[in-house]
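Colleague: I am new to this structure and would like to go through it with you. Could you put it on the screen?

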Amino acid sequence: LQIFLGALAFSFFAKGFSGSYMKSMSSQIERRFEISSSIFGIIDGSFEIGNLMVMVLVSYLGPRVHRPKIIAVGCLIMSVGAFLSVMPQFLTGRYNYERITVSVDNSSTSVSACSPVSSEGLPVTDATETPSTMINVGCEKTTNSYLWLFVLVGNLLRGIGEAPIMPLGVSYIDDFSKEENSAFYIGLVRSSGMFGPTLGFLLGSFCASLWVDIGIVNTDAISINPKDTRWVGAWWLGLLICGAVNFIASLPFWFLPYSLPKEEENENLKISHLMPKQLFSVFSRVYSIYLSIADFLPALRKLFGNSIFVVFIFLTILQYNSLVGMITYETKFMEQQFNVSVAKAIFLIGVILLPITILGMFLGGFLIKKFKLHITEMAKFACITFIVAYLLNLLYFTCNCEVLQVAGLTAPYSGTKHLSSSKHIYMASCNAECGCKVDQWDPVCGDNGITYTTACFAGCKSSSGTGRNMVFHNCSCVEGQGLGPGNSSAVLGQCQRESCTKAFPYFLALQTACAFILALGGTPTYMIMFRSVSPDLKSFAVGIETLGGRVLGGLPAPIYFGALIDETCLKWGTKSCGGSGSCRVYDTKEFR
């Protein structure tokens, strides 16, 4: 039993580790495959679909199958899913981020963004490549744009593999441990699994700060930094680690028996008549599976005839919707609202929010034990915590942050006349002769604190420096903002919003308080379900609760949250073949 407990604790760790890592990579996957948030929502939801395909069957047939071996197969399938998700990285070429072509002045090292030549150019690939290969970049193969389907199928497999771990593992402990020890053991296994998500987010933070093609490309030649919305981290590296961890988690289960002696019993094995007994056990197992399938509908009717259980299911669905939607797009929200790099946002979630949530869950369980709360007292306690958390949530609206000032998009080219035509809102008299491409995004920040979609739209005629240290000079549109000719320069990257960065600690403190209070009420809520259903239906109730939460919460939430977030996009990126990619700038007020 001790070996099983250790193995199960590690498998709980492994599933939490890979699940949270996948969540933390949402922005990286969107940008790498140039997809919208709603499509990432479908990728994210595929995990739930996989889980649901087998969850009820596994929960129900649980005690009648070889549980350790089924868990081993589950961990192995999760490992295969993680490795499959990595495939696109090795099937596609390098990641070429959107970038304008600049013309080089023969007489010097200076380059000009504003020249009629740039209107003919294609997005430049990494500066390490020779000019001849740049010209032949052309269009990426159409098949490349569907490679995200590998990630979707990999995630689906992870969902299938994870399904047996919880119901079979918990019922196995419950069956073969002393009654007074089983709750302690289950708590121990679940709490050790809590370290998985924290480490998963920390790994996500590390991988997001590394360039996607690390080891192939000279990173000094890259002109963007991790705060840029075109930056893609080494998303695939962490998935390789997740796959390896899941594979290791499967190994001990292959060597564990179908059943164990009960903790207090000293089993006396009789070797005689072993073969007939084994045959009898196989027949009885098949017969019990047949009987259990026949009992399925009456058990379901009994559960849904329990009004407390039905109310609990509705509550679970609402909470799943809120939490899954929030966790999936949390890093994107922090990045867009508060000017924080995705790597830093992931790190803060892993180091502050998750440990606080774990503490809240522990404290909730401790209070139940300490004050010996009955079912009605637990319901009141949970109700108070949720109302307090809801009221605290309203304070999010005060975490104000101005929208990024982009010339021609959210801010006017002041002092200059707009050229009519809805498509050319970026065009003004100061850049009309530059021949700029409208659909590009390679932002520069002018001395006037306004961001321009490209150096061409800022009307920049010369530059100094290389790579990410390049500075553009003689920018006619920046001059037009009431600054003298001496101040008309622009640097690579969008302008920083200082007030947003200052508001970030308050947002983090508010979120930490909300997470703690919600977690505090989480344990009592979960216990209400156990205390309100009959003992023989407990494991089935857990399966139904998980199914309801996932079908109506975990599955749709990332998709509709993603679709709503897409509605707040102001500027979409462009794929090499045309067509919109992932979002570059959001209306932060609408997003919030």
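Colleague: Which residues are linked in a network of salt bridges?

Modeller: The network joins Lys15, Glu48, Glu162 and Arg550. A salt bridge here is a side-chain nitrogen of Lys or Arg within 4 Å of a carboxyl oxygen of Asp or Glu. Please note that this is a predicted model, in which local features need pLDDT of at least 70 and side-chain atom pairs count only at pLDDT 80 or more, while totals for chains, interfaces and linings use all residues. Residues are numbered from 1 along each chain as its sequence is written, and side-chain values use heavy atoms, with hydrogens and water left out.

Colleague: How many salt bridges does the count come to by this rule?

Modeller: The count comes to 10. One of them pairs Glu30 with Lys332, whose closest N and O atoms are 2.8 Å apart. Glu30 belongs to helix α2 and Lys332 to helix α13 (residues 307–338), so this pair ties together parts that are 302 residues apart in sequence. Helices (H or I, at least four residues) and strands (E, at least two) are DSSP runs, numbered from the N terminus.

Colleague: Is Glu30 buried or exposed?

Modeller: Glu30 is buried, because its relative accessible area is 2%. Lys332 also counts as buried, at 5% relative accessibility. Buried means under 20% relative accessible area, exposed means over 50%, and partly exposed lies in between (1.4 Å probe, protein chains only).

Colleague: And Arg230, with which residues does it form a salt bridge?

Modeller: Arg230 forms a salt bridge with Asp228, with the closest N and O atoms 2.9 Å apart. The side chain of Arg230 also meets that of Asp442 in a salt bridge, again at 2.9 Å from N to O. Asp442 sits in the loop between α15 and β3 (444–446), and Arg230 in the loop between α9 (195–208) and α10, so this pair ties together parts that are 212 residues apart in sequence. Arg230 is buried, with a relative accessible area of 1%. Asp228 counts as buried at 8%, and Asp442 counts as buried at 7%.

Colleague: Let us step back. How many helices and strands does the chain have?

Modeller: There are 20 helices and nine strands. The chain has 592 residues, and buried residues make up 51% of them. Among contacts with a separation of 6 or more, 77% come from residues 24 or more positions apart; contact means heavy atoms within 4.5 Å.

Colleague: What about the nonpolar core: which residues have the most contacts inside the largest one?

Modeller: They are Leu8, Ile29, Trp211 and Trp235, in a core of 105 residues. Domain 1 (1–104 + 145–262) and domain 2 (294–402 + 497–591) both give residues to this core, so it lies between them; the domain bounds come from an automatic or database domain assignment. Apart from this core lies another, of 28 residues, including Ile100, Val111, Val438 and Phe472. A nonpolar core is a set of buried Ala, Val, Leu, Ile, Met, Phe, Trp, Tyr and Cys residues joined through side-chain atoms within 4.5 Å.

Colleague: Which residues does Trp235 touch?

Modeller: Not counting residues up to four places away in sequence, Trp235 touches several residues, among them Tyr21, Met25, Ile29, Phe33, Val86, Val151 and Val212.

Colleague: Where is Leu251 found?

Modeller: Leu251 is in the loop between α10 (235–250) and α11 (274–294). Leu251 counts as partly exposed, at 38% relative accessibility.

Colleague: One last topic: what is phi of Glu34 near?

Modeller: Phi of Glu34 is near 50°, a positive value in a residue other than glycine. Glu34 is placed in the loop between α2 (26–32) and α3 (37–61), and is buried, with a relative accessible area of 13%. Lys372 has a positive phi as well, near 45°. Lys372 lies in the loop between α14 (342–371) and α15 (375–393), and is exposed, with a relative accessible area of 64%.
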